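Here is a friendly briefing to read alongside the structure. Keep the viewer open and follow the residues as they come up.

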Amino acid sequence: MDNEVAAGNSTSTLGHLALGLTLLAFGLGGTGVIDNVAAADAAGLATWVGGVALFLVGLVALRGGSTGEGTAYAALGAFWFTWGTAVGGGASADAVGLFMLLWALLALTLTMAASGSGLFGQGVYGLLFVALLLIGIGALADNGGLAKAGGWAAAVAGLVAWYGATAAVAGWPTSLRRTASTSAPAAG
């Protein structure tokens with residue numbers, strides 16, 4: 001087996017697991033669905049799993065020749081590390097909103113770059129874009145409802161990323177395939 005292919009598959013799976021768990025924790029905290037749990041409570045996970053681990057996975061993917069995955073994971077690792085270490089630092093709502101909107105641009109870039117990769121590539125990044133956009137606008141407009149909707153989008157993105165990685169490890173299906181129905185010719 002080619003080492004570059006194996007490294008790409010491993011980094012993709014590990015990257016989606018790290019991204020999925022981080023997005024799920026961040027998103028569920030943002031929804032307010034669990035009492036006394038807020039998005040800021042995911043800061044430790046975001047810093048170490050979403051930040052450091054994802055950044056390292058990105059570097060390994062880049063070294064293995066996977067420019068797309070490497071760029072995505074390293075950039076998302078930088079995002080999560082920055083968010084995780086800055087949360088609760090007393091930034092204004094406008095600064096938080098701007099931060100989220102700027103990183104939404106990264107998610108939009110990743111969404112467009114992942115065209116053709118299906119639900120588990122483009123879908124995760126598209127949902128991340130929607131989440132960051134809603135959270136950013138919600139912070140700028142002081143609208144908790146938009147931020148909560150962004151939390152749900154992040155949670156769904158996390159579930160999709162987690163399923164994609166788990167499916168790769170467990171051999172589960174990662175696409176919906178239609179089976180062609182054939183009918184027997186009429187007896188005559």
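**Thr31 and its contacts**

Setting aside residues up to four places away in sequence, Thr31 touches Lys148, Gly151 and Trp152. Thr31 sits in helix 1, and it counts as buried because its relative accessibility is 3%, where buried means under 20%. Please keep in mind that this is a predicted model.

**Aromatic pairs**

- The model holds eight aromatic pairs.
- One of them joins Phe26 and Trp83: the ring centres are 5.0 Å apart and the planes stand at 85°, so this pair is edge-to-face.
- This pair links distant parts of the chain, with Phe26 in helix 1 (residues 3–31) and Trp83 in helix 3 (residues 67–86), 57 residues apart.
- Trp80 and Trp83 form another edge-to-face pair, at 6.0 Å from centre to centre and with 90° between the planes.
- Here both partners belong to helix 3, where Trp80 and Trp83 are three residues apart, or about one turn of the helix.
- Which residues make up the aromatic cluster? Phe26, Phe79, Trp80, Trp83, Phe99 and Trp103 form it together.

**Buried or exposed?**

- Phe26 counts as buried because its relative accessibility is 5%, which is under the 20% limit.
- Trp83 is buried too, with a relative accessible area of 9%.
- For Trp80 the relative accessibility is 0%, so Trp80 also counts as buried.

**The largest nonpolar core**

- In general, nonpolar side chains of soluble globular proteins tend to be buried together.
- The largest nonpolar core in this model has 34 residues.
- Which of its members touch the most others? They are Leu19, Leu23, Phe26, Leu76, Trp80, Trp83 and Tyr125.
- Two or more residues of this core come from each of helix 1, helix 2 (43–63), helix 3, helix 4 (93–113), helix 5 (119–141) and helix 6 (144–170).
- Beyond its neighbours within four places in sequence, Trp83 is in contact with Phe26, Ala39, Ala40, Ala42, Ala43, Ala46, Phe99 and Met100.

**Tyr125 in helix 5**

- Tyr125 belongs to helix 5 and is buried, with a relative accessible area of 7%.
- Not counting residues up to four places away in sequence, Tyr125 touches Leu19, Ala72, Tyr73, Leu76, Ala107, Leu110, Thr111 and Ala114.
- The C-alpha atoms of Tyr125 and Met112 are separated by 8.8 Å, and these residues are 13 apart along the chain.

**Ala18 in helix 1**

- Ala18 is part of helix 1 and is buried at a relative accessible area of 7%.
- What does Ala18 contact, leaving aside neighbours within four places in sequence? Ala18 is in contact with Val49 and Leu54.
- Between the C-alpha atoms of Ala18 and Leu45 there is a separation of 9.3 Å, with the two residues 27 apart along the chain.

- Leu21, Leu45, Leu159, Trp162 and Trp172 make a nonpolar surface patch of about 450 Å².
- Leu21 lies in helix 1.
- Is Leu21 buried or partly exposed? Its relative accessibility is 41%, and Leu21 therefore counts as partly exposed, between the limits of 20% and 50%.

How values were computed: Residues numbered from 1 in each chain as written. Predicted model: local features only at pLDDT ≥ 70, side-chain atom pairs only at ≥ 80, totals over all residues. Heavy atoms only, no water. Phe/Tyr/Trp six-rings, centres within 6.5 Å; stacked < 30°, edge-to-face > 60°. Helix = DSSP H or I, 4+ residues; strand = E, 2+ residues; numbered from the N terminus. Buried < 20%, exposed > 50% of the residue type's maximum accessible area, 1.4 Å probe, protein only. Core = buried A, V, L, I, M, F, W, Y, C linked by side-chain atoms within 4.5 Å. Contact = heavy atoms within 4.5 Å. Patch = residues over 30% accessible without salt bridge, like charges linked within 9 Å, V, L, I, M, F, W, Y side chains within 5 Å. Areas by Shrake-Rupley, 256 points an atom, 1.4 Å probe, with all protein chains shown as cover. Salt bridge = Lys/Arg side-chain N within 4 Å of Asp/Glu carboxyl O.
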